[in-house]
Amino acid sequence: MKHTIFALASAQGRAGVSIIRLSGDKALWAVQQFTAKTLTPRMAIYTPLTWQGEVIDQAVVVWFKAPHSFTGEDCVELHVHGSKAIFDRLYLILTELGLKLAAPGEFSHRALAHGKLDLTQAEAISDLVDAESEAQRRQALTQLGGGLKQQYEAWRSDLIDILARLEVYIDFPDEDLPAELTDSILGRIRALETRLTTAIVNSHRGRQIREGYRIVILGEPNAGKSSLFNALLKAEAAIVTPIAGTTRDIIEAQLRIGPYSVLLYDTAGLRETDEVVEAEGIRRARAKADEADLRIWVIDSTAPALPEDFRDADLMVFNKIDEANPHEREAVTALRVSRETSVFAVSVALGEGVTELVTTIEQIVGEQLSAQTFPAATRLRHIERLTEARDQLAMAARSNLAVPELAAENVRSAINSFEQLFGRYDVEGVLDVIFSSFCIGK
């Protein structure tokens, strides 16, 4: 962080106005090489940007004086016309002045280093930039506003208080300490362990909103999976033919259900095959089914039978019901798998029963994602640290304070897990991974 950095902070490409952001000790000095006007903190000025007598652009310039800026350093924003020629010229001059082009996430990384954000809030910036649905926007904004930070800080404070009580227990072993102290410490450890377990269980919802709710369509060849995929998307995204094995790889598409982002997957027909490419597609289909949030099995009503490798389905769709004879219709009714599995008789070709299926899917997604459990952990990193902390508390609780020094060490380890969540402890490798996924300019 010795260098002053710069990057385009707005979208790439042509635009009416684009923003070039500078951050570091030389930010103000560098901009003053382009204009003779005096800059006042947080006051926008309109000025020509000139270099060696040449006018490069007419711009609005705003200076944010340290520490009152996004990064905590001196920051300057150049609001210029969104022209590649202007970017190229300014980038060349700024480089000649000794500034460096920012790496992905470097501005946010500096904000973290200067205490303007913690790591959960920095992650929320990336999520907010990437948000495509209303639920993703709300969740990222809640996290950026400190929703997760406040919850994690509250749990960390509880751990520190528990540790303080354990230290008293350790430091005065010969004193006549009340029995209630032991019960109180164990009670608080177990209560916090329960809260962390609940957070871990509920974390799937935060990840579903952030990454997208995954719906996988499964079934044997020619059951109508690709036709249903296209019907749900209301677009011809997958190739549909009467030839078995047409779909050989997973096809992914995104759609909106209310405020939620949904990832819909069409998969290869499940059957025994010696054909190498098709077999690989079937393997991928089964793997995708294992990680799905909702599994829709499609079965041909003219030949109703459960596949040999049938897996638990959330919804069963008997397609081509218009082509089935009365005997086959009776067989469809008899194939209800369980009381928990909803069954639909449809004709995707004619559109019969599809509306009811779509309504049910919308209800399921809404019910699973709309519960008021904010803030919810949104990343695998969070879940791993929460699990570590929970497991340490579980060990401390099981000990019944037989060796209080060991229980205290368990609590310290749990505190360290939260320090890693905030980005305060032993996380250089983690930071590199996290910020490398950011866009340049953030």
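Helix 3 (residues 106-113) is mostly covered, with six of its eight residues buried, where buried means under 20% relative accessible area, exposed means over 50%, and partly exposed is in between (1.4 Å probe, protein chains only). Helices here are DSSP runs of H or I with at least four residues, strands are runs of E with at least two, and both are numbered from the N terminus. The buried set in helix 3 is Phe107, Ser108, His109, Arg110, Ala111 and Leu112. Just past the end of helix 3, Gly115 takes a positive phi of about 75 degrees.

A word on what you're looking at: this is a predicted model, in which local features need pLDDT of at least 70, side-chain atom pairs count only at pLDDT 80 or more, and totals for chains, interfaces and linings use all residues. Residues are numbered from 1 along each chain as its sequence is written, and side-chain values use heavy atoms, leaving out hydrogens and water.

Back to Phe107: Arg21 lies over its face, at 5.2 Å from the ring centre. The criterion for a charge over a ring is NZ of Lys or CZ of Arg within 6 Å of the ring centre and within 35 degrees of the ring normal.

Now for rings meeting rings. The structure holds six aromatic pairs; rings of Phe, Tyr and Trp (its six-membered ring) pair if their centres lie within 6.5 Å, and planes under 30 degrees apart count as stacked, over 60 as edge-to-face and the rest as tilted. One of them is Phe6 with Tyr91, edge-to-face at 5.2 Å centre to centre and 70 degrees between the planes. Phe6 sits in strand 1 (residues 5-8) and Tyr91 in helix 2 (residues 84-96), so this pair ties together parts that are 85 residues apart in sequence. Phe6 has 1% relative accessibility, so it counts as buried. Phe34 and Trp51 make a tilted pair, 5.9 Å centre to centre with 40 degrees between the planes. Here Phe34 comes from the loop between helix 1 (27-32) and strand 3 (45-51), while Trp51 is in strand 3, 17 residues apart. Both Phe34 and Trp51 are buried.

Most residues other than glycine have a negative phi, and most peptide bonds are trans. Gln52, in the loop between strand 3 and strand 4, has a positive phi near 50 degrees. Its relative accessibility is 73%, so Gln52 counts as exposed. In the loop between strand 4 (54-64) and strand 5 (75-82) you'll find Pro67, joined to Ala66 by a cis peptide bond with omega of about 5 degrees.

Finally, go to helix 12 (residues 380-399) and helix 13 (residues 404-422), which pack at about 170 degrees with their axes 8 Å apart. Axes are lines fitted to C-alpha atoms, for helices over the stretch in contact, and angles run from 0 to 180 degrees between N-to-C directions. The two helices are therefore roughly antiparallel (the label for angles over 145 degrees). The residues of this contact divide into 10 nonpolar, seven polar and three charged; Ala, Val, Leu, Ile, Met, Phe, Trp, Tyr, Cys and Pro count as nonpolar, Asp, Glu, Lys and Arg as charged, and the others, Gly among them, as polar. In the loop between helix 12 and helix 13 is Asn400, whose phi is positive, near 55 degrees.

Definitions and conventions
Angles under 35 degrees count as roughly parallel, over 145 as roughly antiparallel, 65 to 115 as roughly perpendicular and the rest as oblique.
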